[in-house]
Amino acid sequence: ESGSADIPLYLKEEVPPMYGYTPDCKYPAVYGERGVLGLSIKTKLSDNSQNVLTDFSANFDRSAVPDTLHYSINNKAFAIKGKRAPSNAPDMGENVITYFANEAKDNPEVTGEFKDYLTWLAKSLHLQHDGAGLNINFFDEESGYLSLTPYSLFFDNQEATLNLSMRYPVSTKKEDIINTLNTQLPKNSTMEVTRDMPSTNFDKEHPMVKTMTEVYEYATGLDGTPVTTTGATYARSMPNIMAFGPSFPGQKGIAHNKNEYIDKKDLLKNLEIYTYLLSELGK
């Protein structure tokens, strides 16, 4: 989970493979990985209105939709329970950041710039996982809609800091997202890019892709048409590598949660697929 920071060091010392795969995603063969963009939005709240927030804590983690949040307004305590999910599958979770904004903005003790900020946050992000509330719901046929997850929120020194993680379609340009967002921010805000991983798009006609498709269909009897993903694997950084497995269709969201697992039958099916694939690639 370090953003494949070790791959450049490896490539300085070793020759890249002719072809290969990383079992760090899903089936069928993944020919395209969406772009990954992390953003930090800082907003000044200069009228002291946020001082009514006397407590604020949550389980923030960049890899997941936060599901627990506690806050107090003038020492009156509130708690919000959401649903945890991988940050690249926000529609599967219930994000306590936006539920907090949607709830707290209507508290009669919340006023001024703090209320304005929470109103913007709720309007722009609550239950709008494709970025439509910020006018960044980019789409293409290859990879679908952009996905957007606010994964942390902090209030300190009369300033709010909101961190966003997004996965954008393979045909979308990062600059278009940033330029649009700059027109959608609340007043007295600045934005910084904290993570930037361009999308990848492997040639679907490559012999390796065809071999992966044939092996997968033979071993499973399922459609092996290559797909794209919102995930990020080291295939972005390593030449001639694609993501292939190990989760099967319908198993979205089993990673990055408590008690990650794989069924025994799926583990054995992976063994069958990978053994056959290595045999075919070796030819």
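How many aromatic pairs does a search of the whole structure find? It finds 18, where rings of Phe, Tyr and Trp (its six-membered ring) pair if their centres lie within 6.5 Å. This is a predicted model, where local features need pLDDT of at least 70, side-chain atom pairs count only at pLDDT 80 or more, and totals for chains, interfaces and linings use all residues. Residues are numbered from 1 along each chain as its sequence is written, and side-chain values use heavy atoms, with hydrogens and water left out.

**Aromatic pairs**

- Tyr21 and Tyr274 are stacked, sitting 5.0 Å centre to centre with 20° between the planes (stacked means planes under 30 degrees apart, edge-to-face over 60, and tilted the rest).
- Tyr21 belongs to strand S1 and Tyr274 to helix H6, so this pair ties together parts 253 residues apart in sequence (helices, H or I of at least four residues, and strands, E of at least two, are DSSP runs numbered from the N terminus).
- Tyr21 counts as buried at 16% relative accessibility (buried is under 20% relative accessible area, exposed over 50%, partly exposed in between, with a 1.4 Å probe and protein chains only).
- Tyr71 and Phe100 go edge-to-face, at 4.8 Å centre to centre and 70° between the planes.

**Nonpolar cores**

- The largest nonpolar core has 39 residues, and Phe100, Tyr117 and Phe155 have the most contacts inside it (a core is a set of buried Ala, Val, Leu, Ile, Met, Phe, Trp, Tyr and Cys residues joined through side-chain atoms within 4.5 Å; contact means heavy atoms within 4.5 Å).
- Helix H3 gives this core its largest share, 7 residues.
- A second, separate core of 18 residues includes Tyr21 and Met242.
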